[in-house]
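Please read this short report beside the sequence and the model. It moves from the chain as a whole to single residues.

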Amino acid sequence: MRREISLGTLLSLLLIIIIFFYYPPNDDFSPINPSWNGLTKFASSVNLTPVNDLSDLRKLSNAENYTIMIIGPGEKFSSEDIEAVRDFLERGGLLLIADDFGTGNQLLSGLGVDARFYGSPLVDPLFMYKNRYLPKVFIGGRDGAYLCLNYGTAIEGSSLKSLANSSSFSFLDLNMNGEHDPNEPTGPLTVMASVTSGRGKIIIIADPSIAINSMLDIGGCSNGRFLKEVIGGRNALLDVSHLKKSPYTSAREEMFYLLNISEVRYGLLLVLILLALSIIRERREKRDPLEEILVRHPDWDPKILNKLKEEIEHV
Amino acid sequence: MRISLLVVAFIALASIAIASVGAGIEIPRHVNPVEVSEENPLSQSQFLSAFYEEVLRLTGVSYYSNATSLVRNSKEVYLPSSIRYLIERFNGLLMQEIEHLNLTDSEINITLNLLREGNFKEAYKYLNKAILKLNEANITRNELLDAYKEIRRRLGVNIANLNEIDLLIKNRSLSLKELKGKLRGESAVPTDISLELPKRVWVGSQLTVKGVLTTINGDPIPSEKVIFKLGNITKTFVTDGNGIYRGEIKVPYIYRPNITAVAEYLPEKYLGKFESSRVNRTLEVLYIQSNIYASLNASSAVPGSHVMIRGHASPSGQVVVVRAFGLVKRIRSDEGVFHLPLEIPSVKGGYYDIILRIEPNGTISPSERVLYLMVYRKQLNLSIESPPFIIGGLNFTVKGRISGGNSSVPCRVIIDAFGEERSLVANGSFAFRLKSPLIGLVGPKNITITVEPLLPNYEVASHLVRTYYIDWIGPLAITLLVTISILRLRRERVRIMEPTPIPSVPQKIRIRRSSLRDPFARLYFSAVNMIERSLGMKMRAHYTLREYAEKVGRRLGNASFFFNRLTLLYEAYLYGGMKSGLEKAKGYYSVLKKVLKL
């Protein structure tokens, strides 16, 4: 009984490892999530490098050649994180922060930037894709390019250079009823802005969802192309340390972390080999006892032995 | 096995449950655009109405391009495909209408300009074009009204200021009528304008402008504006009762040999009565030309060294501004000669510009000269020795030599191996004694050595060494495992081949313990299980009851007596059918159990 439970647990562990390998996380803005809310398409199109710790930005010798993208942050920024980003900007780096209802304001406030995400959804009942919560924003260009937002918001601030505004028909839906009420701010509202910081620059976008797989080329919008142009020739880095993680992703990461430790990896291998050996041995033991006896006593009559066996089994 | 599968199923279900739990935030950060519901077009009517009212407001104030771009943007207005064609048709007609009105305005403006110039023939031509365009606008307006009725019916759009178009057409029609009246039977009188100016002027000086505006017959034209342009400066003068205009203008600091002055008359008050006229003059501009000559004492230099700039500037006493390597220096050229020592900063190798300039100063013109200096750094020779293989957890040494030509150069040497960075200052040769990590991924590894010379005239050198890292724990564990497995398998084989004594009775049949219903057999095998668990000695399939009792007897010690008795009683029952020994056997079993538990 105990042995069978152990075997079952071990097999489950193996099964979980296989599931973790083949079933990617479905977290919002995850660069390894290939479903509609992930960033795999964007990540492969700009060759994104994930950054697990913002302090790593300090190690970059030529910050001016890099863009750090913080898309849809959901976890709080520590003072070390903020200092690392500030240092990166001082050295000429480019920060692209795209957020709506996350923790982006905490970073902007920490960096001393006079800009904030409103935190209420932006609605446009006219310039939109299918639904008023998916507004379209004109970003200019020779061919009149548009960005498609998906439950985005707007940016407020005084010392900003506005790069894109929503239409004059848009408004902030403070009470989430989908209709414009008298106290709700109306468009044009800033949805993309830039501000200089040190030798670097911050680009603020009021919707992280413009980069998700399902929004890159939707409704004639140029979300993907626009993001590529913002990055330009710089190396693109993506902060994954502040993404909100589901328990599955956390467990998956922990598992991969453990498997990266040689002792664990080899230990698991050892256990599996032992298990395989044990199964082989058990199977050998389960060979017909008559065969075993006949190996040892080839002169005995197999028929008599068989009869004896049957009789004993009928006792 | 069934229990194993149950455990697997339970853990799999738990994993799926965990996987399906998402991070919960009150407002959704996004929705799947494929699954999102379509907007009801009727809910958009008030916004569409406001949108078209804005377009017509812009058209009404002749901001045609803004109105057009707004209509063009309306392709981004989302509408279900079943009614989209209605809006597209309406937009197309609206664009057409705006274009007709725009062209009508353009033709009217051209007609007015031609009328000012007295070109009546051409003015007539453009007037007719304007009339034609306005007629087209009128026709399009009717179609537009039909399309509007349809979008009002289907989408509930209500454009309050649609009559703006009617007003525009009416206004343009009146303007055209007025122009037609002016052109009918009128002819303009040619005019003449004169301009008196000196032939030469100094830069920055005050220039007096004077001239007369008359008809071709010599009659003065009073109170009319004359536009005067000198270079990029424009001034307007008004003629007096004798047709004379006069005024003053400052000559710009342009430091060019010539400047053009133009006086032009464009009728305003007497539009249609007088023709326009124009006169121009070229004036020679006077200024003092500055000159600068300079040279470097060397065409190339290394960082940290000095070069001397020597030169001559005229007129003497001018300040020469020197711009080099991002720095600006000023030097006065006393008696026209200047010397400036320049230290080469620590910059990368390449050609650099040294710009010398005399800034413009009143009547003195600017001048500039560019000198080129090649900055170079000497190359360091670097040779590295490192082991081809590195075993995990052991020390290894990376050695090297640095030389700059024939001499040794003090340098800071930085080594980056296995994610660890170390540095030292070396003069000629260096050695790093490092320890490799105990565990890690087996495979080729890079070790980077960067040499930063402490003298500015040498180039930074970098060297990449490839070595092979072996993590000994992994291979050792696998080797041990394989060895143990082989040894165990071999021992098994030897045991099978051992000769065993032939028993008198063939009692070697194994009974399946799991299917025991017989109480005697169950009792015996409970005892066997107990011994197996206690001693770890399994009852193999080919053992007879006695063989097993013998095997375990030595290790059971005193307890072997009870097990032997139990075995004999079971044998008697199994082969002799003696059931009476069961109670005795139970007694032996309970004693055995107590002894083994102790």
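Helices (H or I, at least four residues) and strands (E, at least two) are DSSP runs, numbered from the N terminus. This is a predicted model, in which local features need pLDDT of at least 70 and side-chain atom pairs count only at pLDDT 80 or more, while totals for chains, interfaces and linings use all residues. Residues are numbered from 1 along each chain as its sequence is written, chains are lettered from A and ligands numbered from 1 in the order in which they are written, and side-chain values use heavy atoms, with hydrogens and water left out.

**Chain B overall**

Chain B has eleven helices and 24 strands. Of its 598 residues, 40% are buried. Buried means under 20% relative accessible area, exposed over 50%, and partly exposed in between (1.4 Å probe, protein chains only). Chain B exposes about 33600 Å². Carbon and sulfur atoms supply 53% of that area. Accessible areas come from the Shrake-Rupley method with a 1.4 Å probe; for residues, only the protein chains shown count as cover. Contact means heavy atoms within 4.5 Å. Take the contacts in chain B between residues at least 6 apart in sequence: 63% of them join residues at least 24 apart.

**Strands of chain B**

Two strands pair if DSSP finds at least two bridges between them. Three strands of chain B form an open sheet in the order β9-β11-β14, with antiparallel pairing. Which strands stand at its edges? They are β9 (291-296) and β14 (337-343) of chain B; each has a single partner strand, so one side of each is left without a neighbour in the sheet. On average, neighbouring strands of this sheet are turned by 20 degrees against each other, direction ignored. For such angles, axes are lines fitted to C-alpha atoms (for helices over the stretch in contact), and angles run from 0 to 180 degrees between N-to-C directions.

| Strands | Bridges | Facing residues |
|---|---|---|
| β9(B) and β11(B) (residues 306-314) | Six | S295(B) and R310(B) |
| β12(B) (residues 319-324) and β15(B) (residues 350-358) | Five | V321(B) and R357(B) |
| β15(B) and β16(B) (residues 367-375) | Nine | Y351(B) and M374(B) |

In a regular strand the side chains alternate between the two faces of the sheet.

Another strand of chain B, β21 (residues 420-427), holds A426(B). A426(B) counts as buried, because its relative accessibility is 4%. Beyond residues up to four places away in sequence, A426(B) touches I402(B), V409(B), P410(B), C411(B) and V413(B). A426(B) and C411(B) are 15 residues apart along the chain, yet their C-alpha atoms are separated by 5.4 Å.

**Backbone exceptions**

Most residues other than glycine have a negative phi, and most peptide bonds are trans. In chain B, the peptide bond from S314(B) to P315(B) is cis, with omega near -5 degrees. P315(B) sits in the loop between β11 and β12 of chain B.

Chain A has N47(A), not a glycine, with a positive phi near 55 degrees. N47(A) lies in the loop between α2 (40-46) and β1 (49-51) of chain A. Is N47(A) buried or exposed? N47(A) is exposed, because its relative accessible area is 62%. Y151(A) also is not a glycine and has a positive phi, of about 55 degrees. Its place is the loop between β8 and β9 of chain A. Y151(A) counts as buried, because its relative accessibility is 12%.

**N150(A) and chain B**

N150(A) lies in the loop between β8 (145-148) and β9 (155-157) of chain A. N150(A) counts as buried, because its relative accessibility is 0%. What is N150(A) in contact with, leaving aside its neighbours within four places in sequence? In chain A, the contacts are Y133(A), L134(A), D207(A), S209(A) and M215(A). In chain B, they are R29(B), H30(B), V31(B) and P33(B). A polar atom of the N150(A) side chain lies 2.8 Å from the backbone oxygen of V31(B).

**A helix of chain A**

In helix α5 (residues 223-231) of chain A, the buried residues include N223(A), G224(A), F226(A), L227(A), V230(A) and I231(A). They cover an arc of only 165 degrees around the axis, which puts them on the same side of α5(A). The arc is that of the directions from the helix axis to the C-beta atoms. G232(A) follows α5(A) and has a positive phi, near 65 degrees.

Notes. Polar contact = N/O pair within 3.5 Å; in protein donor to acceptor, adjacent residues only side chain to side chain.
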